[in-house]
Amino acid sequence: MGLTYPEISPIMMHIGPLAIRWYSMAYLFGIIFGWLLIKHWVKIYKINLSSAQLEDLIFYLTLGIILGGRLGYVLFYGEKVFQDNWLEVFAIWKGGMSFHGGALGVIAAMALFAKKYRFPFLQLADLVVLVAPIGLFLGRIANFVNDELWGRVTDVPWAVRFPSGGFLPRHPSQLYEAFFEGFCLFVILNLLWRKESIRQHCGTVSSLFVILYGVFRILMEQFREPDAHMGYFFGNFTMGQLLSVPLILLGCAVLLWVWKPRRA
């Protein structure tokens, strides 16, 4: 029972001795596509960001994603894994990035950028989260290709027998997350952004992003096998679910503040 895992090499191509991995390309393509879409929105809605400033923003965000994502993974998930060989912390190409750590890194990057150019932070956040689901989608597809972060054992007809999962029929939870955290979030946020009333209330789109991501992540973790070295917390909760709760609370608080009636 279960579909056979397609034999996809985690290595996209070789350039001499250099191995180009799908996982690395997911981040690269996500950043490039995000850059192009932000550039499109800036032009369409005449947002006060020059080409040079936009390039600077992408640089800040890239550092935030990589440094925050990796450090977050080490702190939240991999501290014990890296105790034997701390140099593995820098082996980003092998996988191991945390969304929650990356989110903190991106927030720090946006704060620095907003301060440097005196740009409204919440307006910047709204712009950035419009493209964030692109990276989430590609990252989860890369997880599937890497034969990692697979789901729990199941008997559903579309279960996949992952080699590293013991060839047991499992939920392809990476694809579930790619659909909800990537595709669905992208469609919802970009449709909302088209409404002028939403754009005028800076912080609305970014608040909804963290709320919806947190909800989707908590739901999808029900199908995902928890990290073997961590297991469950409080009986049936994963680290991903616990880290998503503060996101939802933060998003709700900001959303209420943004839409709070202001005295004339």
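Me: Which helices do the buried residues of α5 pack against?
Reply: In this predicted model, several residues of α5 are buried, among them P133, I134, L136 and G139. The buried residues of α5 also include R140, A142, N143, F144 and V145. The helices that these buried residues pack against are α1, α3, α4, α6 (173-193) and α8.

Me: How far apart are the end C-alpha atoms of α5?
Reply: Helix α5 covers residues 132-145, and at 1.5 Å a residue its 14 residues should span 20 Å. The model agrees with that expectation, because the end C-alpha atoms of α5 are apart by 20 Å.

Me: How are α1 and α5 oriented to each other?
Reply: The axes of helix α1 (residues 22-44) and helix α5 (residues 132-145) come within 8 Å and cross at roughly 165 degrees. Angles over 145 degrees count as roughly antiparallel, and α1 passes α5 in a right-handed crossing. The orientation of α1 and α5 to each other is therefore roughly antiparallel.

Me: How many nonpolar, polar and charged residues make up the contact of α1 with α5?
Reply: On the side of α1 the contact is made by W22, Y23, A26, F29, G30, F33, G34 and L37. On the side of α5 it is made by I134, G135, L138, G139, A142, N143 and V145. Gly counts as polar in this division, and the residues of the contact divide into no charged, 5 polar and 10 nonpolar.

Me: Which residues is I8 in contact with, leaving aside its neighbours within four places in sequence?
Reply: I8 has its place in the loop between β1 (3-4) and β2 (11-15), and I8 and F144, although 136 residues apart in sequence, are 9.4 Å apart in space, C-alpha to C-alpha. W22 belongs to the α1 side and V145 to the α5 side of the contact between those helices. Leaving aside its neighbours within four places in sequence, I8 is in contact with W22 and V145.

Me: Is I8 buried, partly exposed or exposed?
Reply: A residue is buried under 20% relative accessible area and exposed over 50%, with partly exposed in between. Because the relative accessible area of I8 is 33%, I8 is partly exposed.

Me: How many nonpolar residues are in the contact of α3 with α4?
Reply: In α3, the residues V106, I107, M110, A111, F113 and A114 meet F121, L124, A125 and V128 in α4. The residues of this contact include no polar and no charged ones, and the number that are nonpolar is 10.

Me: How many residues of α8 are buried?
Reply: Helix α8 (residues 204-220) has 17 residues that should span 24 Å, which agrees with the distance between its end C-alpha atoms. The buried residues of α8 include T204, F209, Y213 and M220. Helix α8 is mostly covered, and of its 17 residues the number that are buried is 12.

Me: What percentage of the residues of the chain count as buried?
Reply: There are 9 helices and 5 strands in the chain, and residues 24 or more positions apart account for 70% of the contacts with a separation of 6 or more. Of the 264 residues of the chain, the share that count as buried is 46%.

Key
Residues are numbered from 1 along each chain as its sequence is written. This is a predicted model: local features need pLDDT of at least 70, side-chain atom pairs count only at pLDDT 80 or more; totals for chains, interfaces and linings use all residues. Side-chain values use heavy atoms; hydrogens and water are left out. Contact means heavy atoms within 4.5 Å. Helices (H or I, at least four residues) and strands (E, at least two) are DSSP runs, numbered from the N terminus. The expected span of a helix is 1.5 Å times one less than its number of residues. Buried means under 20% relative accessible area, exposed over 50%, partly exposed in between (1.4 Å probe, protein chains only). Axes are lines fitted to C-alpha atoms, for helices over the stretch in contact, and angles run from 0 to 180 degrees between N-to-C directions. Angles under 35 degrees count as roughly parallel, over 145 as roughly antiparallel, 65 to 115 as roughly perpendicular and the rest as oblique. A crossing is left-handed if the near helix is turned anticlockwise from the far one by less than a right angle, and right-handed if clockwise.
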